[in-house]
Amino acid sequence: MEHTLEFKNITMEFSGIKALSNMSFEINGGEIVALLGENGAGKSTLLKILNGDYTQTSGDYFIDGNKCFFKSPREAIEAGISIIYQERQIIDEVTVAENIFIGHLPTSKTNIIDYKKLYKDTEKIIEQFEIPIKPTDKVKDISIAHQQMVEVMKAYNRNIKIIAFDEPTASLSDKEVTALFKIINILKEKGKIILYVSHRLKEIFEICDRVIVFKDGEYVAKRDSNKTNSEELVRLMVGRDLGDIFDSYKIPKEGIGKTVIEVENLTTKHVNNASFYIREREVVGFSGLVGSGRTEVANAIFGVDKKISGIIKINGQEVNIKSVEDALSKGICMCPEDRKGQGIVPICSLKENISMISLKMLCKFGIISKKLEEKLAIDSISMLNIKTSDIHKKIMFLSGGNQQKAILSRVLAAKPNILILDEPTKGIDVGAKLEIYKIIYELAKNGMAIFLISSELPEVMGISNRIYVMQNATIVGEIDRDEASEEKILSLAMTHEK
Ligand SMILES: Nc1ncnc2c1ncn2[C@@H]1O[C@H](COP(=O)(O)OP(=O)(O)O)[C@@H](O)[C@H]1O
Ligand SMILES: [Mg+2]
């Protein structure tokens, strides 16, 4: 019997905001169906509902015609559902074989794990998919791509009905993508229901039979992939009303000053021949898909990645930035994307998190002045409107938006001329987002040159003066804000891939 999956009027609200509204569609086994839509369109939310991570506000879904309701991922797994994320959540000490057979390890009559059989059975599966790993490899020691494939083999071995991939290829090499596609095609031949979320149109045309387009939580259209094209798909995805929330955050063109940083033909291990400039009082957006090289350009000017060739000029002078310290001393600061990993120190207080990189400036006669340190924290709280009862509170108890403001304060305490913001509003609520936009605007107005990396099109279009679009480690276009449209940016970012 052919498997079917049907969503009927699924609505999902997060504290009053609709992530999905009345989402309905049906798909069949034995075909690969792409879910396509801008960031925030609701793709991951739908998969999380199917996976029992979230409970929908209303609506139902049916597998093989039967109404289902999974209260936890465990129940979803038992019902034959497997979701493969871009990066695995847990990296463990167990072997590939144990991972693939978890929950049904072969045992001997005396109930001891039969390792010989386990490794042999695993070997068979690995051979079938032709992946260069061994059953005895520890999962934590193999590449992310291979970890992902272990997840797929695990699903395959469990005899799943539905497998969904949520942007699986963002960090894979071409060769790894080819290997993944081979596995997906084997699953297709077995009649599985396959959902594939990706922004890479080239991949979608290569592997998917059908494409379903989402926009702002709503179902837009379904197309056979051999009866549509990139232009049509991009057109279906866009067309959001920006509203006027950004109108007050725009620096007029006349206000923009002289060039602060100019980069010519910059090449690093991860960046190919990038040329761009940012001026005083200018916010310059870097748009592109995740993995297109935006953070890598920032890393090159922030002294994280080594320059192979090219020229970086600051205020007209050629500079050599060999380390983060060099970058800081030249007035460049960066707020990293990974707030939890590279940004905050959770167990330190708000005050300590703010003063962290400016301790030198807070010293009097070689000793950190407690008074100056506290003053910095108190000033930052009022300047950026950080909501906390107390500067000594551990930062982990603050909301995401307030943590982000604390990191901004820290960086601002170093008084940069060039500020790199990597996804500054990721994972924070709408109210805090608007406050961050206002802060960015004020900083630019006061003279700073701002390098803004953002995956949210309304944001990048709303607050940037100019936008560079990246694809494949290369800057593929520059768009002035008067000419910017979602369609233009997405066409550059998603189509004409080499
Ligand atoms: N746990 C959550 N809490 C609040 N809002 C959320 C949560 N998860 C997703 N959202 C919101 O739901 C919308 C859809 O997000 P998502 O499903 O992640 O989109 P996509 O995967 O298409 O990029 C976005 O506006 C996002 O901010
Ligand atoms: Mg998503």
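Which residues are exposed on the other side of H13? They are Lys371, Ser382 and Met383, where exposed means over 50% relative accessible area, buried under 20% and partly exposed in between (1.4 Å probe, protein chains only).

Before going on, a word on the model: it is predicted, local features need pLDDT of at least 70, side-chain atom pairs count only at pLDDT 80 or more, and totals for chains, interfaces and linings use all residues. Residues are numbered from 1 along each chain as its sequence is written, chains are lettered from A and ligands numbered from 1 in the order in which they are written, and side-chain values use heavy atoms, leaving out hydrogens and water.

**Helix H13**

H13 covers residues 370–384; helices (H or I, at least four residues) and strands (E, at least two) are DSSP runs, numbered from the N terminus. Its 15 residues reach 21 Å from first C-alpha to last, close to the 21 Å expected at 1.5 Å a residue (the expected span is 1.5 Å times one less than the number of residues). Glu373, Leu376, Ala377, Ser380, Ile381 and Leu384 are the buried residues of H13. Seen down the axis, these buried residues fall within an arc of 130 degrees, so they line one face of the helix; the arc is that of the directions from the helix axis to the C-beta atoms. An α-helix has 3.6 residues a turn, so residues three or four places apart point the same way.

**Around ligand 1**

The shell around ligand 1 includes Phe14, Glu38, Ala41, Lys43 and Tyr54, a residue being near if one of its heavy atoms lies within 4 Å. Helix H1 (residues 43–50) gives the most to this shell, with three residues. The table lists polar contacts, meaning pairs of N or O atoms within 3.5 Å.

| Residue | Protein atom | Ligand 1 atom | Distance |
|---|---|---|---|
| Alanine 41 | backbone N or O | oxygen | 3.2 Å |
| Lysine 43 | polar side-chain atom | oxygen | 2.9 Å |
| Tyrosine 54 | polar side-chain atom | nitrogen | 3.2 Å |

Taken alone, ligand 1 exposes 560 Å², and the protein buries 61% of that; these areas come from the Shrake-Rupley method with a 1.4 Å probe.

**Two loop residues**

Most residues other than glycine have a negative phi. Aspartate 64, in the loop between strand S4 (58–63) and strand S5 (66–68), has a positive phi near 50 degrees. Glutamate 167 has a positive phi of about 45 degrees and is buried, with a relative accessible area of 17%.

Technical notes: A polar contact is a pair of N or O atoms within 3.5 Å; within protein, one must be able to donate a hydrogen and the other to accept it, and residues adjacent in sequence count only if both atoms are side-chain atoms.
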